[in-house]
Amino acid sequence: MSYRLLLTALALVTFLGAPGAAAQSSPFAVEVIEYIPGTAPAAYQNPTAALGKTHEFTPAWPEFDTPAYVVTPFNATYSEDDLVAIGDGGRLVLRLGRPALVSEGFALGIHAGVGLIDDNWPSGVISGPATPYTSFRSADVRVSADGQTWFSLGTNLVFELPTNWYAQGVTLPGAQETAGTVEADFTKSFVGSLSDFDSTDWPEMLSILDGSAGGTWLDLTGLPVTGIQFIEFSVTGDDGLMYLDAVVAVPEPAIVLPLLVSLALLRRRGR
């Protein structure tokens, strides 16, 4: 092995083995910068609930003989460990593990624990307008590349689109106790609207989601930076209350890929 190849390999090993490397490469929120609960319910004032990926199952409640169910648009997460609330006068600032690409447009996904009414429970049928059974979620949103300079994405933004954990293998979306077969892509933006799900059944909804995990995606087009790593949610009296489960980005390419390419090129040259 050449000296340059050895150095590159060592750099790759060092990166992969560095403390916190996995978190820093995560497209999800990895750190709470600030949390002011405002008038949020006391039971939902744990801001770390918004870090990482949405949980796969809702909690089981043995005392009510209720098992854990897969998270789908008809079975939203609701645990105090899954959701953090932001009430009137409240603020939550999160840092993403990897920046969201501004060039991708709709590159910042918000999962707010929204669930839709199932008109033929547990089969997942919407017979008319798609309607959330969860409370109204709304907030003002700002984003930043460095945590210093902030850009508004809008005030009183509404978060009404549900989360779906599996793209395949779920047949009873209202009450499935077993895991699906193919995980939905949480980093694939979904640019649909709630009305897209009007008068649909479960297979049609999966087709609309097209392999994505759903959620409400925010448009970063036109921001004067290349990537966004910080996001702020704030709530005023007009918003009422915001619940947050997870934030995810269409991420910038990780450093691992260039290192692997360098290894491959150096290996070819060293033959």
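The questions and answers below concern a predicted model.

Biologist: How many helices and strands does the secondary structure of the protein come to?
Modeller: The protein has 271 residues, and 46% of them are buried. Its accessible surface is about 12500 Å², with 56% of that belonging to carbon and sulfur atoms. The secondary structure comes to four helices and 12 strands.

Biologist: Among contacts between residues at least 6 apart in sequence, what percentage joins residues at least 24 apart?
Modeller: A contact here is a pair of residues with heavy atoms within 4.5 Å. Taking contacts between residues at least 6 apart in sequence, the share that joins residues at least 24 apart is 77%.

Biologist: Is Thr163 buried or exposed?
Modeller: Thr163 sits in the loop between strand S6 (150-158) and strand S7 (166-168). Buried means under 20% relative accessible area. Thr163 has a relative accessibility of 4%, so it counts as buried.

Biologist: With the side chain of which residue does the side chain of Thr163 make a polar contact?
Modeller: Leaving out residues up to four places away in sequence, Thr163 touches Thr54, Val71, Thr72, Pro73, His111, Val114, Phe186 and Ala213. A polar contact needs a pair of N or O atoms within 3.5 Å. At 2.7 Å, the side-chain partner of Thr163 in such a contact is His111.

Biologist: Why do the buried residues of H3 line one face of the helix?
Modeller: Helix H3 covers residues 202-209, and Trp202, Met205 and Leu209 are buried in it. In an α-helix there are 3.6 residues a turn, so residues three or four places apart point the same way. Viewed down the axis of H3, the buried residues line one face because they fall within an arc of 60°.

Biologist: Which exposed residues does the face of H3 turned away from its buried side carry?
Modeller: A residue counts as exposed over 50% relative accessible area. On the face of H3 turned away from the buried side, the exposed residues are Pro203 and Ser207.

Biologist: Near what value is the phi of Asp210?
Modeller: Asp210 follows H3, the helix of residues 202-209. The phi of Asp210 is positive, near 55°.

Biologist: The backbone oxygen of which residue lies 2.8 Å from a polar atom of the side chain of Ser212?
Modeller: Ser212 belongs to the loop between H3 and strand S9 (216-219). With a relative accessible area of 1%, Ser212 is buried. Beyond its neighbours within four places in sequence, Ser212 is in contact with Asn164, Ala184, Asp185, Lys188 and Phe190. The backbone oxygen that lies 2.8 Å from a polar side-chain atom of Ser212 is that of Leu209.

Biologist: What is the bridge partner of Phe106 in S9?
Modeller: S4 and S9 pair in the antiparallel sense over four bridges. In S9, the partner of Phe106 is Asp219.

Biologist: How far apart in space are Pro129 and Ile117, C-alpha to C-alpha?
Modeller: Pro129 is placed in the loop between strand S4 (106-111) and strand S5 (138-144). Pro129 counts as exposed, at 63% relative accessibility. In sequence, Pro129 and Ile117 are 12 residues apart, and their C-alpha to C-alpha distance is 9.8 Å.

Notes: Residues are numbered from 1 along each chain as its sequence is written. This is a predicted model: local features need pLDDT of at least 70, side-chain atom pairs count only at pLDDT 80 or more; totals for chains, interfaces and linings use all residues. Side-chain values use heavy atoms; hydrogens and water are left out. Helices (H or I, at least four residues) and strands (E, at least two) are DSSP runs, numbered from the N terminus. Buried means under 20% relative accessible area, exposed over 50%, partly exposed in between (1.4 Å probe, protein chains only). A polar contact is a pair of N or O atoms within 3.5 Å; within protein, one must be able to donate a hydrogen and the other to accept it, and residues adjacent in sequence count only if both atoms are side-chain atoms. The arc is that of the directions from the helix axis to the C-beta atoms. Two strands pair if DSSP finds at least two bridges between them. Accessible areas come from the Shrake-Rupley method with a 1.4 Å probe; for residues, only the protein chains shown count as cover.
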